[in-house]
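Here are some friendly notes to read beside the structure. Take them one point at a time, and look up each residue as you go.

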Amino acid sequence: MIVVNTETVPGRTIREIKGLVQGNTVRAKHIGRDIAAGLKNLVGGELRGYTELLVEARREAMQRMMAQAQELGADAVVNVRFATSSVTAGAAELYVYGTAVTLS
Amino acid sequence: MAGLELFLILGIPVIFLVAAYLIGSGIEKRHFQRLEAAEARLRDILVVNLRTLPPGLHGRETLLVAGQVALATDYFKQFVASWVRILGGRIKVYERLMERARREAIVRMLEEARAAGFSQVWNLRIESATLGNMRPGQFVGMTIIAYGTAVR
């Protein structure tokens, strides 16, 4: 499954547009990471717990999107975009969406 | 004893502020130095935010690459920001925080591209979100995802 965030795949043309596909996850940290983040808030620095959380969220959301594209019988997902937002304190959502297409 | 209480009530927040300022600016300075070093290493990778791939890239391999980071604010930044919100003006402490987050996310994305053997990244996009809604206008930190299509 080819996944790109450009509108076209280099050197290939789009045969058929299958539709919009998406994946999202909302992940919360466990209390240990939350406490560490609370301390970081005094002096700043990277919130590694949150970064790892969001990286896992991205992988999972992409898997879901590609699974949806697979179900539609597509070869590729183009024009992929991400959106991320804080849902509640300690939880973040990552949303990924794109257009599933078949290539010639 | 009243003097001691007064000293503690005023002194402890001031101590926290000074500690947050000193440690926070140390962290910031070192982060900017690391960013400059990383960007110098990755300078040969082409990065553009053009959406349309030129026709000459026929038959090339692609990979969606992304870099993510979450950075925390600190006690001192929040203190400064609360005053600027009353008096108006630029919140330079937050400007620096966002610049660090953006550059870090882009560096991580380029490192992913480099590790997979790609030398060009097209259609760079950046999305951000603030983390934690403790009180209105306060945030624990901000997160950035920088992503693009790597081509070779």
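Is A:Glu56 buried, partly exposed or exposed? A:Glu56 counts as partly exposed because its relative accessibility is 35%; the scale calls a residue buried under 20% relative accessible area, exposed over 50%, and partly exposed in between, with a 1.4 Å probe and protein chains only.

1. Before you start. This is a predicted model, in which local features need pLDDT of at least 70 and side-chain atom pairs count only at pLDDT 80 or more, while totals for chains, interfaces and linings use all residues. Residues are numbered from 1 along each chain as its sequence is written, chains are lettered from A and ligands numbered from 1 in the order in which they are written, and side-chain values use heavy atoms, with hydrogens and water left out.

2. Chain A as a whole. Chain A has two helices and five strands, and along the sequence they come in the order β-β-α-β-α-β-β. Helices (H or I, at least four residues) and strands (E, at least two) are DSSP runs, numbered from the N terminus. Of the 104 residues in chain A, 47% are buried. The accessible surface of this chain is about 4900 Å², and carbon and sulfur atoms account for 52% of that surface; such areas come from the Shrake-Rupley method with a 1.4 Å probe, and for residues only the protein chains shown count as cover.

3. Contacts along chain A. A contact means heavy atoms within 4.5 Å. Take the contacts in chain A between residues at least 6 apart in sequence: 76% of them join residues at least 24 apart. A:Thr88 belongs to strand β4 of chain A and is partly exposed, as its relative accessible area is 42%.

4. A salt bridge within chain A. Back to A:Glu56: this residue forms a salt bridge with A:Arg27, and their closest N and O atoms are 2.5 Å apart. The pair links distant parts of the chain, since A:Arg27 sits in strand β2 and A:Glu56 in helix α2 (residues 48-72), 29 residues apart. A:Arg27 counts as partly exposed because its relative accessibility is 23%. A salt bridge here is a side-chain nitrogen of Lys or Arg within 4 Å of a carboxyl oxygen of Asp or Glu.

5. A salt bridge between chains. Over all chains, the structure holds 18 salt bridges. One of them joins the side chains of B:Arg51 and A:Glu7, at 3.5 Å from N to O. This pair crosses between chains: B:Arg51 is in the loop between β1 (46-47) and β2 (62-74) of chain B, and A:Glu7 is in the loop between β1 (2-3) and β2 (14-28) of chain A. B:Arg51 is partly exposed at 41% relative accessibility, and A:Glu7 is partly exposed at 34%.

6. Salt bridges in chain B. B:Glu95 and B:Arg90 form a salt bridge with closest N and O atoms 2.9 Å apart. B:Glu95 is partly exposed at 35% relative accessibility, whereas B:Arg90 counts as exposed at 58%. Elsewhere, B:Glu28, B:Asp74, B:Lys77, B:Arg96 and B:Arg100 are joined into one network by salt bridges that share partners.

7. Two helices that cross. In chain B, the axes of α1 and helix α3 (residues 92-115) come within 10 Å and cross at roughly 35°. Axes are lines fitted to C-alpha atoms, for helices over the stretch in contact, and angles run from 0 to 180 degrees between N-to-C directions. Residues that meet here include B:Phe32 and B:Leu35 in α1, and B:Arg103 and B:Val107 in α3.

8. Two asparagines to check. Phi of A:Asn79 is near 55°, a positive value in a residue other than glycine, and A:Asn79 lies in strand β4 (residues 76-88) of chain A. B:Asn123 also has a positive phi of about 55° although it is not a glycine. B:Asn123 is in strand β3 (residues 120-131) of chain B and counts as buried because its relative accessibility is 2%.
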